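Here is a short briefing for a first look at this chain.

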Amino acid sequence: MAKPARRGKTWVVCPHGHGSNGDQLFLRADVREQWLMYWESLGLGVLTPNIRNNAWMCPEAVADLHELIAWTRKTYNVERFIMMSGSMGGTGALIYSAIHPEDLVATIALCPATDLTEYHAWLASQSGGDNGIKATRKEIMLAIEASYKGKPAERKETYDRHSACVNVKKLTMPLLLCHGDADPLIPVEESRRLVKLLGWHKEMQYLELPGGGHDTPLWIQEAKDWVKRFAV
């Protein structure tokens, strides 16, 4: 879905989360009120496509989004794209940023997985939690395997190409990361791992929320401040 800018030539690209699709930003009331309405108040354009369902920004998803961003830039005369999302969307934001840094002026990734090989191993090792959490973790693991056409050991080059940690030097745009340290779906170690590798980055901010769960980072004021900073 695309919502043209009311003023200026800056758009936000918002990949959707696992189990959702491109209308999540419009149909999920809390996200709509906190994100979409704020972006609209800044006059920003919004691009929130369905990227192959639960694809976890696999190669085909990257190609689709790259083509769509190019089309949007040409059709709506867009000059700047900011990418912001959380969970699978935040994971995809980092993957895309590492593969096509030229497309973005800033990236905001909330509660992301930063290396799918490590994340897959963590998912496979988890046996705790209630039945709902366990079922979601297994569903995510199987979705990653399906999208990447195999497990990490079977598709190492593909997983490596889509790892923010492996390709950390390509994350040259201003970058905001945020993670709750009690996240039961994507462990905080995912963000910590990338932050350690980003010691050289002069425009990176990391916020870790004590006791924060999976959705806690979605409401931080700093994300709004970052979007406003790049909203031209």
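Strand 6 (residues 175–180) is mostly covered, with 6 of its 6 residues buried. Buried means under 20% relative accessible area, exposed means over 50%, and partly exposed lies in between (1.4 Å probe, protein chains only). Helices (H or I, at least four residues) and strands (E, at least two) are DSSP runs, numbered from the N terminus. This is a predicted model: local features need pLDDT of at least 70, side-chain atom pairs count only at pLDDT 80 or more, and totals for chains, interfaces and linings use all residues. Residues are numbered from 1 along each chain as its sequence is written, and side-chain values use heavy atoms, leaving out hydrogens and water.

- In strand 6, Leu175, Leu177 and His179 point one way. Leu176, Cys178 and Gly180 point the other way, and all of these residues are buried.
- Two strands pair if DSSP finds at least two bridges between them.
- Thr107 has Leu175 of strand 6 as its bridge partner. Ala109 has Leu177 of strand 6.
- Strand 7 (residues 204–209) also pairs with strand 6 in the parallel sense, over 6 bridges. There, Leu176 stands opposite Gln205 of strand 7.

- Val168 is found in the loop between helix 7 (156–161) and strand 6.
- Is Val168 buried or exposed? Its relative accessible area is 10%, so Val168 is buried.
- Val168 is in contact (heavy atoms within 4.5 Å) with Leu194, Leu197, Leu198 and Trp200, leaving aside neighbours within four places in sequence.
- Val168 and Gln221 are 53 residues apart in sequence. In space they are 26 Å apart, C-alpha to C-alpha.

- Ala5 sits in the loop between strand 1 and strand 2 (10–13).
- With a relative accessible area of 24%, Ala5 is partly exposed.
- Beyond neighbours within four places in sequence, Ala5 is in contact with Thr10, Trp11, Gly43, Leu44 and Gly45.
- Ala5 and Gly43 are 38 residues apart in sequence, and their C-alpha atoms are 5.6 Å apart in space.

**The chain as a whole**

- The chain has 9 helices and 7 strands.
- A compact globule of 232 residues would have a radius of gyration near 17 Å. The chain has 16 Å, which agrees. The radius is taken over C-alpha atoms, and the globule rule is 2.2 Å times the number of residues to the power 0.38.
- The C-alpha trace spans about 50 × 35 × 35 Å along its principal axes.
- Buried residues make up 52% of the 232 residues.
- Among contacts with a separation of 6 or more, 73% join residues 24 or more positions apart.
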